Amino acid sequence: MKGLSKVRIVTDSTADIPLEIREKLGIEMVSLKVSFGKDTYIDGVSLTPEEFYDKLVAAPALPITSQPSPVDFQQKYESLASEDGEKVEIISIHLSSVMSGTYQSAVLAKAMIEDDGNDRISVTVVDSMSASYGIGVQVLAAAEAANAGKSKEEILELIEKARKECDIYFLVDTLDYLHKGGRLGRASAMIGSLLNIKPILTIDNDGYVAPIDKVRGQKKAMARIVELMKERGSSKAIHIKLAHVRNPEGAETLKQMIAAEYDIVSCMDWTIGAVIGTYTGPGIVAVFISPA
């Protein structure tokens with residue numbers, strides 16, 4: 001039928017959504033770029049997470065990450081225009097605007113399409129105010145709703161609900177990458193490493209990576225994460241996404257600690273991509289928690 005809108009979901013590579021899930025749910029992706037010196041790679045396309053972390057460990061300096069251009073987004077949006085004349089509604093969900101200019105590039109692409117007078121495409125750009133699976137939980141909720149025939153307005157409500165309900169905890173193995181990235185002074189990094197200090201990080205309501213606490217030793221830090229879940233009043237029945245970088249033992253330990261206190265209805269392993277990984281480095285363990 002003519003005149004009906006259909007909703008398509010677009011995100012960027014920092015959502016860290018595996019290819020098979022994107023293909024299954026019809027999620028479109030625009031990639032950021034990662035540069036080591038003169039060598040530039042397309043995040044998640046020409047550089048896998050494993051290859052990225054190999055290069056990160058060996059590199060004398062942190063890589064440079066760069067956002068997609070407005071033209072990159074414009075081309076993606078226009079490629080989704082329906083050939084049968086129906087209007088396509090696009091919801092484009094991206095990395096926290098305080099971490100990257102990716103969101104702004106998408107906003108500019110929306111304006112470019114509107115200036116061209118293309119009334120077959122309507123774009124709504126969403127600031128996830130999050131990163132990695134914090135974006136992913138919103139994108140998956142949106143894609144599942146779009147596939148179920150929900151309207152744009154209904155999907156936007158579900159995105160906001162998914163964002164508010166997702167609690168995030170990162171546990172970094174070393175402070176070196178936070179120091180290199182300008183997030184921590186050299187003296188603090190050296191003292192923290194000597195004392196085996198493990199910072200517990202989150203993404204706050206304004207979209208910033210923020211410290212919650214710091215604890216000596218990884219297991220004590222994981223136990224503190226479970227305490228924080230209780231303090232925040234996490235639902236007893238939960239869905240979790242576990243992510244780690246070359247630390248499967250740490251991820252499994254955290255899962256078992258959470259399972260001792262909560263009913264884990266579903267658990268999925270996730271991979272932290274290049275952008276967040278640049279500042280956290282190998283060894284990170286993260287958990288993303290949503291009520292069941």
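**Close-up views of a predicted model**

**View 1. Packing of helix 5 against helix 6.** Helix 5 (residues 133–147) and helix 6 (residues 152–165) cross at roughly 150°, and their axes come within 8 Å. Helix 5 is therefore roughly antiparallel to helix 6. The model is predicted: local features need pLDDT of at least 70, side-chain atom pairs count only at pLDDT 80 or more, and totals for chains, interfaces and linings use all residues. Residues are numbered from 1 along each chain as its sequence is written, and side-chain values use heavy atoms, with hydrogens and water left out. Helices (H or I, at least four residues) and strands (E, at least two) are DSSP runs, numbered from the N terminus. Axes are lines fitted to C-alpha atoms, for helices over the stretch in contact, and angles run from 0 to 180 degrees between N-to-C directions. Angles under 35 degrees count as roughly parallel, over 145 as roughly antiparallel, 65 to 115 as roughly perpendicular and the rest as oblique. On the helix 5 side the contact (heavy atoms within 4.5 Å) is made by V137, Q138, A141, A142, A145 and A146, and on the helix 6 side by I155, L158, I159, A162 and R163. By class, these residues divide into nine nonpolar, one polar and one charged. Here Ala, Val, Leu, Ile, Met, Phe, Trp, Tyr, Cys and Pro count as nonpolar, Asp, Glu, Lys and Arg as charged, and the others, Gly among them, as polar.

**View 2. The largest nonpolar core and the surroundings of I93.** A nonpolar core is a set of buried Ala, Val, Leu, Ile, Met, Phe, Trp, Tyr and Cys residues joined through side-chain atoms within 4.5 Å. Buried means under 20% relative accessible area, exposed over 50%, and partly exposed in between (1.4 Å probe, protein chains only). The largest core has 49 residues, of which I9, I93, F170 and I272 touch the most other members. Helix 5 supplies the largest share of this core, nine residues. A second, separate core of 20 residues includes A221, I225, V226 and V285. Apart from neighbours within four places in sequence, I93 is in contact with I9, V10, T11, D12, V126, S128, I135, Q138, V139, A142 and I159.

View 3. Helix 3 (residues 70–79) packs against helix 4 (residues 102–115) at an angle of about 55°, with the axes 8 Å apart. The two helices are therefore oblique to each other, and their crossing is right-handed. From helix 3, P70, V71, F73, Q74, Y77 and E78 meet T102, S105, A106, L108, A109, K110, M112 and I113 of helix 4. This contact has nine nonpolar, three polar and two charged residues. S105, in helix 4, is buried, with a relative accessible area of 3%. Beyond neighbours within four places in sequence, S105 is in contact with Q67, P68, S69, P70 and F73.

**View 4. Helix 9 and helix 10.** The axes of helix 9 (residues 218–231) and helix 10 are 10 Å apart, and the helices pack at an angle of about 40°. Helix 9 is therefore oblique to helix 10. The crossing of this pair is right-handed. Q218, K219, M222, A223, I225, V226 and M229 in helix 9 meet G250, T253, L254, M257 and I258 in helix 10. By class, the contact has eight nonpolar, three polar and one charged residues.

View 5. D16 is not a glycine, although its phi is positive, about 60°. The loop between strand 1 (6–12) and helix 1 (19–25) holds D16, which is buried, with a relative accessible area of 13%. R246, also a residue other than glycine, has a positive phi near 55°. R246 is found in the loop between strand 11 (237–244) and helix 10 (248–259), and R246 is partly exposed, with a relative accessible area of 37%.

**View 6. I276 in helix 11.** Helix 11 (residues 274–280) contains I276, which is buried, with a relative accessible area of 11%. Leaving aside neighbours within four places in sequence, I276 is in contact with M99, A131 and F170. L25 is 251 residues from I276 along the chain, and the C-alpha atoms of these two residues are separated by 24 Å.

Note on methods:
Left-handed = near helix turned anticlockwise from the far one by under 90°.
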